[in-house]
Amino acid sequence: MASWSDAAHALPSPHPRGRPKPKPKPARRRTSASARRHGVAGGVVWIAVVAVLLAGVVALNVAVLRLNVQLSKVNAERTQLRADKQALASQLSLAAATTRIQTLAHRDGLIPADPTQTTYVRLRPRAR
């Protein structure tokens, strides 16, 4: 029969024997002068692209500002035209007032027609 001591020798020990091997560090790549120039050139290209995009945004904002100024001028003109229209409608209403017309007609020697002398003409219905 097996004893406890025999079973203890059969199991692997929880501590590995010897030191663990350190992981090798990746070797640093040495960059050549041409590789550095490509990196700088790429950075210059990105700066140029960002500058062009920013210039586009500024141009777009200027265009929107100009349109807003034109819109405010057109709105002011529309308001003035509506006020002029109201003034003209008021003048037309005053000119078309019955009492004013009667006063002008009386001043020129005209008198209202006698209602007893008014005749009406009856027309036949139209044939369809």
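Predicted model: local features only at pLDDT ≥ 70, side-chain atom pairs only at ≥ 80, totals over all residues.
Which helix is Leu53 found in? I looked it up: Leu53 is part of helix H2, residues 33–95. Helices here are DSSP runs of H or I with at least four residues, strands are E runs of at least two, and both are numbered from the N terminus.

Residues are numbered from 1 along each chain as its sequence is written, and side-chain values use heavy atoms, with hydrogens and water left out.

Next I checked the overall layout. I found three helices and zero strands in the chain, in the order α-α-α from the N terminus.

Then I checked confidence. pLDDT is the predictor's confidence in each residue, from 0 to 100. The chain averages 84, and 77% of the residues score at least 70. Helix H1 (residues 4–10) has the lowest confidence, with a mean of 58, while H2 has the highest, at 91.

On to burial: buried means under 20% relative accessible area, exposed over 50%, and partly exposed in between (1.4 Å probe, protein chains only). I see that 0% of the chain's 128 residues count as buried. Back at Leu53, I get 56% relative accessibility, so Leu53 counts as exposed.

Last stop, helix H3 (residues 98–107): zero of its ten residues are buried, so H3 lies largely in the open. Just after H3, I noted that Gly109 has a positive phi of about 95°.
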